[in-house]
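Thanks for coming. I will go through a few backbone features today, starting with the terms I need. Please have a look at the model first.

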Amino acid sequence: STLSDMKAEKTRRKIGVDCRMYSSQFTGIGRYNHELVEHIVKFNNSQSEPCELVLFFNDPEFSKFKLPENTRKVLTKARHYTFAEQTRFLRQLNKEKLDHMHFPHFNLPLLYNRPFTVTIHDLTLFYHPGKKMTNPLHRLAYHLVFRDAVKKAKQVITVSNHTKKDLLDKFSISESKVSTIYNGISLQFKHNEHPAEIEKTLKKYQIKTPFLLYTGVWRDHKNLPRLIQALKILREDKGLDLQLVITGKEDSNYPEVKQTVENLDLEDHIRFPGLVSEKELAQLYNAAKIYVFPSLYEGFGLPPLESMRCGTPVAASNSSSIPEICEEAA
């Protein structure tokens, strides 16, 4: 019995997932990583012969993650865009001798040569470089790692056909190894039937109704100064008494967001709650008059769909993947 157990263990497939961005508190890729792991674990444990899942975390997520059946976790101590990613993380991956690895972001060790799948969410830095990683060496490293990932991957997942097209336009890779798999929306986002909870959150952040809501990062392609200018027009030219709520972590690289608020004298009409919890975000979606999404470029765009699940209408820009994802619903 012991010998047969050992033999079965040796033939058991080992599948790895890079969870260094895992968190429901992250925007975009972190949420994707969180949902991906949750559903892969459920699917794996429903099989008659489950694989061994090996999840690679940084702290604090490593310490917080409770291990399900057929799952192990590894503490990497290797942040994205670091030397440790190319050395320590590489050694850990090679030590595991994985049958297959899934990287939910293009950041992976250049010298990793075992089979892997990579998810490409967008090509923002190719089209809207912005103010991050402006050092020429950083930009070179970004392009090198990105190119290496899509060239060496056994399979590439894109989250929209628009991102797939961008990828094939930029790189000479076989279309047959690129698959579009749309993102799903967390069931946490739904119509809230507890107005007292919503009112408590609005009071916490000094938000008055009616208000427009934006959530996400502060980057050039997110088009926030123009959104703030639009609020000015709505209030003064259209006579609409609206607040604007902009969630997300403040980014010192983009001072023009708050400068525009000051220049247009809108300090009393715009709220910046910061990075709110998932529960509070769902409450804000529910309470908003309209969710606004003025982005110039998106690989997918989760927030409009999250808002729709909460029953709140969406006003979105007609660019990149947004018409593909929102269709006539926005």
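Predicted model: local features only at pLDDT ≥ 70, side-chain atom pairs only at ≥ 80, totals over all residues.

Residues are numbered from 1 along each chain as its sequence is written, and side-chain values use heavy atoms, with hydrogens and water left out.

As background, most residues other than glycine have a negative phi, and most peptide bonds are trans.

Take K77, in the loop that runs between β3 (71-75) and α4 (83-86). K77 is not a glycine, yet its phi is positive, near 55°. Is K77 buried or exposed? K77 counts as exposed, because its relative accessibility is 56%; exposed means over 50% relative accessible area, buried under 20%, and partly exposed in between, with a 1.4 Å probe and protein chains only.

S320 also has a positive phi, about 45°, without being a glycine. S320 sits in the loop between β12 (314-316) and α14 (322-326). At 21% relative accessibility, S320 counts as partly exposed.

Now the cis peptide bonds. One joins D59 and P60, with omega about 10°. P60 is in the loop between β2 (52-57) and α3 (61-64). Another runs from T209 to P210, with omega near 0°, and P210 lies in the loop between α9 (195-204) and β8 (211-214).

How values were computed. Helix = DSSP H or I, 4+ residues; strand = E, 2+ residues; numbered from the N terminus.
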